[in-house]
Amino acid sequence: MLLTAASTILPTAAEAQRRGGISLVRDAEIENTIRAYAAPLFGAAGLSGEAISVHLVNDRSLNAFVAGGQRIFVNTGLLIRSERPAQVIGVLAHEIGHISGGHLARLGDAIDTASTAMILSLLFGAAAAAAGSGEAATAAVLGGQHVAERNLLAFTRAQESAADQAGAGFLEQTNQSASGLIEFLRIIGNQDALMYDRQDPYARTHPMTPERVAALESRQSRSPSRSAQDTPENMERFKRMQAKLVGYLDGLPVTLRKYPETDTSLYGRYARAFAYFRALDFKRAEAETDALIQLYPKDAFFHELKADILMNQGKVAESLPPMREAYRLAPHEPLLAFGVGQRLVALEDVSQMNEAIDILKHVTVIEPDNSGAWQQLAVAYGRTGDIGMASLASAERYLIAGIYRDAIGQGERAARLMKEGTPGWLRAQDIITVAKDRQREERRRGRGFNAGFQVGPGTRD
């Protein structure tokens with residue numbers, strides 16, 4: 001989770017869980033893995049893989065769903081508890097089957113209901129979930145998760161069977177086996193005997209029947225790709241993803257049992273590096289990471305991890321070179337770019353603010369909903385004395401977070417400080433108009449809905 005820009009776990013997670021909500025995390029490597037698994041399936045479904053947005057939910061239970069278009073939400077628990085890539089890919093294929101079958105259309109029909117507001121809060125939280133420092137809160141979406149699960153995200157048996165068959169078709173078109181989906185459905189089927197509150201959310205929202213498995217098995221027996229195995233590339237991504245998740249989320253004792261110090265594989269070192277980091281044993285975390293970098297000097301995410309470890313010791317200047325190297329090795333990763341920009345801002349060196357501004361503007365072009373980038377951009381502009389642009393960036397940030405009063409206030413401030421008719425002034429007018437419209441819509445619906453965006457240490461203005 002993992003640490004800085006490209007990888008941040010939320011200190012608000014415990015509070016979110018206690019209040020019955022969820023928390024979102026960002027990690028460039030894991031998001032890329034899910035996107036790589038899903039992209040061919042979206043293509044087979046006739047959907048644009050380039051528009052896929054992946055959101056990681058910090059929750060130990062088995063769950064995954066698609067909402068708000070091509071937004072994929074995957075629980076960390078599903079990724080840890082899956083036994084091989086084909087199971088994760090099978091779940092994604094099934095969920096994409098719901099999209100292609102139009103099963104999510106009723107979200108639009110139910111837009112005036114309270115349960116839809118909860119889904120909207122989740123989507124706002126996804127927009128607000130941007131990376132900060134290793135200790136920074138990104139976003140916590142609080143309230144009615146279980147009601148939303150039971151209502152909007154619950155499908156009928158007929159829809160489930162249709163999504164199964166559609167998903168199996170997408171797998172066949174991409175020369176993959178549906179065996180992973182069948183294995184996952186058997187796992188879910190075993191939960192039928194459990195009390196409702198002990199079932200994983202996926203079991204509660206996706207009704208299971210033996211007939212569904214039988215139908216898939218019959219199709220699988222005739223499929224030309226029935227014997228297809230997990231590809232080495234998919235397996236490599238999967239093992240790295242699990243090592244990272246276990247090391248960060250399961251703690252040092254569990255990690256050392258699964259990845260003992262005698263395990264000098266990439267995965268063992270990767271898991272232990274995160275576990276040592278979580279245990280605040282920075283010396284050992286850095287030693288494991290240095291060993292990985294020595295063996296794999298062109299791996300961007302190992303350099304990112306080194307930068308994270310240094311950053312979380314307060315060594316901001318020392319953390320900048322490895323983060324620059326990570327970004328150089330993976331120049332198309334906006335979260336790695338964010339890490340560079342964030343560190344330049346944290347150094348508080350005015351001479352480096354223009355570079356920080358250029359990098360952070362690049363991030364906001366690629367990820368316009370990255371509220372952390374807008375926040376850091378506001379700070380950078382402020383340090384150069386450009387208060388108008390700082391206010392405009394803050395207005396963007398608050399609009400993303402659904403904090404419309406502050407979006408209007410910052411937008412009006414920006415407009416006052418900018419020349420009328422300039423691009424910045426026009427954008428400020430747009431933000432003010434949109435924020436006021438959304439405020440009125442909320443009052444009309446009587447929802448009193450707010451995205452639940454929380455700002456933590458390291459992300460203050």
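1. Start with helix α22 (residues 404-417). Its face turned away from the buried side carries Arg405, Arg416 and Leu417, which are exposed. Here exposed means over 50% relative accessible area, buried under 20%, and partly exposed in between (1.4 Å probe, protein chains only). Helices are DSSP runs of H or I with at least four residues, strands are runs of E with at least two, and both are numbered from the N terminus.

2. A word on the model. This is a predicted model: local features need pLDDT of at least 70, side-chain atom pairs count only at pLDDT 80 or more, and totals for chains, interfaces and linings use all residues. Residues are numbered from 1 along each chain as its sequence is written, and side-chain values use heavy atoms, with hydrogens and water left out.

3. Back to α22. The buried residues are Tyr404, Ala407, Ile408, Gly411, Ala414 and Ala415. They cover an arc of only 130 degrees around the axis, so they sit on the same side of α22. The arc is taken from the directions between the helix axis and the C-beta atoms. An α-helix has 3.6 residues a turn, so residues three or four places apart point the same way.

4. The length of α22 also checks out. At 1.5 Å a residue, its 14 residues should span 20 Å, and the end C-alpha atoms are 20 Å apart, which agrees. The expected span is 1.5 Å times one less than the number of residues.

5. Strand β4 (residues 64-67) is covered on both faces. Ala64 and Val66 are buried on one side, Phe65 and Ala67 on the other. β4 pairs with strand β5 (residues 71-75) in the antiparallel sense, over 4 bridges. Pairing requires at least two DSSP bridges between the strands. Ala67 has Arg71 as its bridge partner in β5.

6. The largest nonpolar core has 62 residues, and Ile34, Leu78, Leu79 and Leu92 touch the most other members. Such a core is a set of buried Ala, Val, Leu, Ile, Met, Phe, Trp, Tyr and Cys residues joined through side-chain atoms within 4.5 Å. Helix α2 (residues 28-44) gives the largest share, 8 residues. Apart from this core lies another, of 29 residues, including Leu360, Val363, Ala378 and Ala393.

7. What does Ile34 touch, not counting residues up to four places away in sequence? Val54, Val74, Leu79, Val88, Leu92 and Met241. Contact means heavy atoms within 4.5 Å.

8. The structure holds 28 salt bridges. Each is a side-chain nitrogen of Lys or Arg within 4 Å of a carboxyl oxygen of Asp or Glu. One of them joins Lys244 and Asp27 at 3.2 Å, N to O. That pair links distant parts of the chain: Lys244 is in helix α12 (residues 232-249), Asp27 in strand β2 (residues 22-27), 217 residues apart. Lys244 is buried at 1% relative accessible area, and Asp27 is buried at 0%.

9. Asp308 and Arg343 form a salt bridge, with the closest N and O atoms 3.5 Å apart. Asp308 lies in helix α16 (residues 300-311) and Arg343 in helix α18 (residues 334-346), so the pair ties together parts 35 residues apart in sequence. Asp308 counts as buried at 1% relative accessibility, as does Arg343 at 0%.

10. Are Glu355 and Arg324 buried or partly exposed? Glu355 is partly exposed at 31% relative accessible area, and Arg324 is partly exposed at 33%. Their salt bridge has its closest N and O atoms 2.7 Å apart.
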